[in-house]
Amino acid sequence: MTANIARWPGAELGSKDLENGKVTTQRYRPDAKFAWSAGEAMSRFLAELQQGRLIARECKNCGRILFPPRMFCEECFRPTDEWVYVKDTGTIETYSISYLDTDARRITEPILVGVVSVDGASPKMGIMHYFGEMATGEIRIGMKVQAKWRPAESRVGSVLDIEYFRPLHGVDR
Amino acid sequence: MRVGIVGVGVTPFRPTTPEFSWKELMYDGAQRSYADAGIDPRSDVGSFITCAEDYYEGFGIFDEFTPDQLGAVLRPMHTVGGDGIQGLANAVMQIRSGLADVVVVESHSKASDILTFTGIVAHGLDPIWNKPLGGHPNYVAGLEMDAFLRGSGNRSEDCAAVVAANRQTALLNPIAAYGARVTKEQAAKSPALWAPLRQLDASTLADGCVVLVVAGEAAARKMRSEPVWIEGIGWASDSPSLETRDWVAPAYATLAAEMAYRLAKVRDPARSFDLAEVDDKFSYKELQHLEALRLARKGHAGKMARSGDLAAGGKLPTNVSGGSLGCGNVLEASGLHRVAEAALQLRGEAGRLQLDGVRRAVVQSWRGLPSASGGVAVLGVGR
Ligand SMILES: [Zn+2]
């Protein structure tokens with residue numbers, strides 16, 4: 001509807017009409033299920049997450065610390081060399097304040113989301129995640145943050161073992 | 001300008017590969033191929049092509065996930081939603097049009113990541129016309145086998161001979177996943193699943209990756225290996241409608257072959273090749289494809305299978321690699337796999353499978369159920 005037109009001509013269809021079979025529909029639910037092998041690099045990464053640690057791989061050719069870890073260096077096209085732990089602290093590279101939920105409904109408490117470049121990894125190496133314990137007016141690019149881990153007993157080997165990143169006070173640049 | 005295959009990389013096909021992610025599998029195939037060609041993908045390749053179907057990968061826009069593991073970061077790169085031979089045709093066109101001197105073509109199967117393969121195949125059927133019927137989608141293969149055998153005069157025993165031959169020769173192929181001493185009698189007595197199709201008539205899924213390096217003549221001459229020339233290539237599709245397509249003679253294979261033969265100047269296919277690698281995702285498909293490619297006279301492919309004409313040392317050695325029945329069904333990588341097998345034969349590097357005097361070969365692919373699409377490539381060495 002627009003400001004000028006309160007009602008379009010014709011019969012409107014609502015979800016009730018579909019549910020009640022007033023219009024011809026065809027329903028089909030594909031049986032499409034997958035279980036991806038995480039592989040060598042991501043399996044170790046997930047196992048370390050469960051222990052509350054972040055791990056990367058080092059390429060000794062270009063000297064980069066690759067995070068998340070991979071068994072090959074995509075720049076040098078050669079196998080990476082060593083496992084290296086990186087810190088659970090980092091810097092906000094970019095962020096967004098989302099006022100809509102996944103159904104595009106307005107929410108009162110906005111969701112803070114963004115990319116954190118992780119300390120100890122090479123530039124442009126980081127993780128996308130949520131931010132918490134900060135106000136919408138407080139968040140900014142360059143802000144130092146630290147992972148808020150879930151309690152050890154509830155970690156399952158998933159990026160959600162980190163609940164969110166929160167401000168790391170006292171070391172802000 | 002001639003275009004040749006200068007790098008062949010094939011990972012061993014396995015029923016499952018839990019130790020590798022699909023990215024690590026692709027990396028393994030790529031590094032084998034680049035080592036074979038003696039190239040550095042970061043500096044020596046003009047374009048990268050992958051061949052994949054999102055529903056086989058299990059996530060959307062697979063194209064975007066391909067550069068890292070192929071050495072293609074920040075380089076021209078695209079995905080063909082089809083079989084490897086269709087990707088190879090794109091490589092030929094890019095080189096002949098001057099866009100690139102060296103092109104990499106990749107395809108793989110990580111079928112073990114798919115929990116509901118039957119559901120994926122069923123999802124390929126028309127949503128309004130066929131899907132409401134439900135049922136196992138492989139009945140489409142049963143229908144086609146029935147129509148083909150009746151229409152062509154070939155017999156189901158001939159299909160059993162194909163199963164036995166391909167499973168047995170695969171024992172000599174180090175990359176094959178399903179080599180076995182299966183006999184004709186065993187194949188003929190295996191349980192009917194979608195009659196006349198029996199259990200052993202169907203190939204089994206496998207994981208694996210195939211990467212080829214393709215180059216124009218000038219670039220190819222500088223590479224490590226002897227180029228295998230792509231003399232002709234073609235691809236085609238029949239109707240997606242089950243009710244409209246030709247069930248006896250697969251039009252997609254006939255048309256793709258005509259295109260490839262025209263480019264390669266093949267006039268008498270039955271006498272032009274030392275080796276054929278044709279799709280055998282189901283046993284009857286091998287016979288059907290041999291006839292569509294005019295490698296066998298109509299109704300005679302089964303007799304060739306029975307009499308040993310298709311075996312190593314026969315009139316037209318066919319699927320001596322073991323094919324999909326023996327090596328495993330590697331989905332969209334199937335066509336590229338068979339190109340790789342033919343290329344190794346032409347280079348004289350096929351190990352215990354090596355045939356004498358292979359100078360020219362024909363390779364044909366089919367995208368599998370419920371598709372009616374595929375490609376054909378004519379390959380040769382020398383001159
Ligand atoms: Zn590197």
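Predicted model: local features only at pLDDT ≥ 70, side-chain atom pairs only at ≥ 80, totals over all residues.
**Stop 1: chain B against chain A**

Select both chains and look at where they meet. Chain B brings 37 residues to the contact and chain A brings 23. Together they bury about 2,300 Å², with 63% of that area on carbon and sulfur atoms. Now pick out Glu24(B), Tyr27(B) and Asp113(B): these supply 24% of the area that chain B buries against chain A, more than any other three residues.

Next, select Arg42(B) and Glu75(A). They form a salt bridge, with the closest N and O atoms 3.4 Å apart. The count between the two chains is 1 salt bridge, and there are 10 residue pairs in polar contact.

Which helix gives the largest share of the side of chain B that touches chain A? Select H1(B), which provides 7 residues.

**Stop 2: the two domains of chain B**

Colour domain 1 (3-115 + 206-220) and domain 2 (129-203 + 233-380) of chain B separately. Their centres, taken over C-alpha atoms, are 23 Å apart. Here 35 residues of domain 1 touch 32 residues of domain 2. The buried area is about 2,600 Å², and carbon and sulfur atoms give 71% of it. In domain 1, select Phe13(B), Asp83(B) and Ile85(B), which lose the most area to domain 2, together 26% of what that side buries.

Then select Asp36(B) and Arg347(B), whose side chains meet in a salt bridge at 2.9 Å, N to O. Finish with H5(B) (84-96). This helix gives 6 residues, the largest share of the side of domain 1 that touches domain 2. By class, that side has 20 nonpolar, 9 polar and 6 charged residues.

Note on methods: Residues numbered from 1 in each chain as written. Chains lettered and ligands numbered in written order. Heavy atoms only, no water. Contact = heavy atoms within 4.5 Å. Buried area = accessible area lost by both parts, 1.4 Å probe. Salt bridge = Lys/Arg side-chain N within 4 Å of Asp/Glu carboxyl O. Polar contact = N/O pair within 3.5 Å; in protein donor to acceptor, adjacent residues only side chain to side chain. Helix = DSSP H or I, 4+ residues; strand = E, 2+ residues; numbered from the N terminus. Domains from an automatic or database assignment. Nonpolar A, V, L, I, M, F, W, Y, C, P; charged D, E, K, R; others polar.
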